[in-house]
Amino acid sequence: MEKWTIADSAKIYNIDNWGSELFSINKKGHVCVHPSPTSKYSIDLRDLMEDLIKRKIKPPILLRFMDILEGRIGAINRAFKSAISENDYPAKYRTFYPIKVNQQRQVVEAITQFGKRYNIGLEVGSKPELVVAISFASGTNIPIICNGYKDAEFIETVLYATKIGFDITIVVEKLFELEKIIALAKKVGIVPKLGIRVKLSSKGTGKWATSGGEDAKFGLRISELITAIELLEEEGMVDKLKLLHFHIGSQITKIDKIKNALIEGTRVYAEMRKMGVDLEYVDIGGGLGVDYDGTKSSYFSSVNYTVEEYANDVVYQIKNICDEAGVECPNIISESGRAIVAHYSVLITNALDTNTQSLSPDFEEVLETTEKLSPTVRKLVDIYKSIDRHSLREDYHDTLQLIQEAVSLFNLGYLNLQDRAVAEWLCSRIFKKINGIVEKIKPIPEELSNFHLSLRQTYFANFSLFQSIPDSWAIDQLFPIMPIQRLNQKPDVMASIADITCDSDGEITSFVGENGRSKFLPLHKVRKNEDYYIGFFLIGAYQEILGDMHNLFGDTNAVHITFNKKTNYKIDTVINGDAVWESLKYVQYKGPEILKHVRDTLEKSVAHRKVSIEESSHFLELLDKTLLGYTYFGE
Ligand SMILES: *Cc1c(COP(=O)(O)O)cnc(C)c1O
């Protein structure tokens, strides 16, 4: 047998493709993370986990690599810079980070910090997000763009912010909003910088295609746009209309969809300029996708273009249309969220291989003495003993039939529990044998190609899918998942991953594999006393805030890490995950009240001598410890 190498592992998990040169496998067979694609430094994730365990930080742990944020902002801005120079584009580019993608304070802090050199702005879509942006813009010159539905309070806040000197643009999503803005502007005595979002007939692709098109939730139709301009002209406010916005959805998988939207959007811009509207910005929204499965395809978990191609296309199309129409080129804004934050966070947790634990059933002795078995089960024994590559197909189908027969006989009362257990055991033994034979036959016969599914084993991972990767459940989003150690050893188990919630939906059966989507995750047999860690990658966009508290599993521990030449890495901060009492508080329970109630009740039992004082106090201690502890699995 040829030796298994890290290159073999890289291939089956496709890490070199989705890893974007930020994640790779090192010589020790561990996954490591690089601060930037060109960096010669890396952090070994397995060693890092061991260090974190020494620090008594328990899994699941969300690792946030702040340098990656910096790298991603840099990559997008460099791509636009070179596209602008290549195309002799006469205006500027600017990123506005849409904070809904990840509102974590430290994340927005890092983005605004790293983004200083690129004059990064913030995009908000609600009142809480507006407050966040105002706090970051205070004392700096960070510009803000306001999208989403806005009530009078929102608008008034923007008006006063403008008055005080904030650089803030309010984007009109609906005609009635514009009427409100005009009325309030007159009342406050200041007109804000205005933008208008248009509904293009161009649509995106993939899961978020409905964000674009004529029936989209947001934006003005072209006819409404004309009304809006007329209204602003009447009020003498049209000179404040500075920005044209469109957003055709997130994770746009095909570059030609982006192209279509750009052409249509820029045409709208050019016509508005010709009408005399002094627009300065075209804001192309989000949509810059992430190649989650590494296939570089138009499948919805991938994208068929690079950041460079995206930037180049944007700049080229806008320039082309403007030149044709003979209007000045606008400054370009993109609101790329997913592409900035997806890579920066990784969840790592321990997996429990429940199938190879010490108590696996063993009925070996029935193979010797078959007289007492029911005829159906005896037939299975015969198959098990005689199966070879020539009888493979027939034996496979017979086995499926016999196991069904065994269940029917059991239900009718003709088969006892012992025989049913033996039948089940034989069935899995036969499948294992078939697998051994099938692996040697190439190509695998058609009807056996899905056969592996019956051998798939469930590994339990200490996490909640609903909390940590909700899009995997909600929209079948594919995230790269793989073990972070032993990658120089052949993984011999075909697995699926179940979380620890009591929900049968809390299982992952779709993985990034060698050729895109796979129904298995190859994993190693977990050794006794081994901490076997699995990493969930590219989960920085949307997952943290969409995560919910199913079964009251709360926020995970989070560790912020930066690269450090001396010690390899430095921990900037550790954010404790929710303790049990915090999860309970969220649903209106109070820890101390629970303890008091239980104590008072226990005292009654003590008074009746049903419970000893020691038992009672030990129980209360346990309860107290649980309330203070982590919501996830401990030892
Ligand atoms: C959600 C959203 C974005 C972010 O989109 P990504 O695809 O994550 O970059 C940008 N702009 C608007 C208006 C949005 O609603």
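Tutor: A term before we start: buried means under 20% relative accessible area, exposed means over 50%, and partly exposed is in between, using a 1.4 Å probe on protein chains only. This is a predicted model, where local features need pLDDT of at least 70, side-chain atom pairs count only at pLDDT 80 or more, and totals for chains, interfaces and linings use all residues. Residues are numbered from 1 along each chain as its sequence is written, and side-chain values use heavy atoms, with hydrogens and water left out.

Student: Is D283 buried or exposed?
Tutor: D283 lies in strand β11; strands here are DSSP runs of E with at least two residues, helices are runs of H or I with at least four, and both are numbered from the N terminus. Its relative accessibility is 0%, so D283 is buried.

Student: Which residues does V282 touch?
Tutor: V282 is also in strand β11, residues 281-283. Its relative accessible area is 0%, so V282 is buried. Contact means heavy atoms within 4.5 Å. Not counting residues up to four places away in sequence, V282 touches L244, F246, Y269, I318, P330, N331, I332 and I333.

Student: Which side-chain atom pairs with a nitrogen atom of the ligand?
Tutor: 17 residues surround the ligand, and the closest are K100, S250, E335, G337 and Y542; a residue counts as near if one of its heavy atoms lies within 4 Å. A polar contact is a pair of N or O atoms within 3.5 Å; within protein, one must be able to donate a hydrogen and the other to accept it, and residues adjacent in sequence count only if both atoms are side-chain atoms. The ligand nitrogen is 2.6 Å from an N or O atom in the side chain of E335.

Student: Is the "active site" residue C502 buried or exposed?
Tutor: The label comes from an unreviewed UniProt entry, which places it at C502; such annotations may be inferred rather than shown by experiment, feature names are shortened, and positions follow the numbering used here. C502 is in the loop between β16 (493-498) and β17 (507-508). With 70% relative accessibility, C502 is exposed.

Student: What covers the buried residues of α15?
Tutor: Buried residues in α15 include D419, W425, F431 and V438. The elements covering the buried residues include α13 (375-386) and α14 (392-412).

Student: How far apart in space are G513 and I12?
Tutor: G513 is found in strand β18, residues 511-513, and is buried at 5% relative accessibility. Leaving aside neighbours within four places in sequence, G513 is in contact with I12, N14 and S518. G513 and I12 are 501 residues apart in sequence, yet their C-alpha atoms are separated by 5.6 Å.
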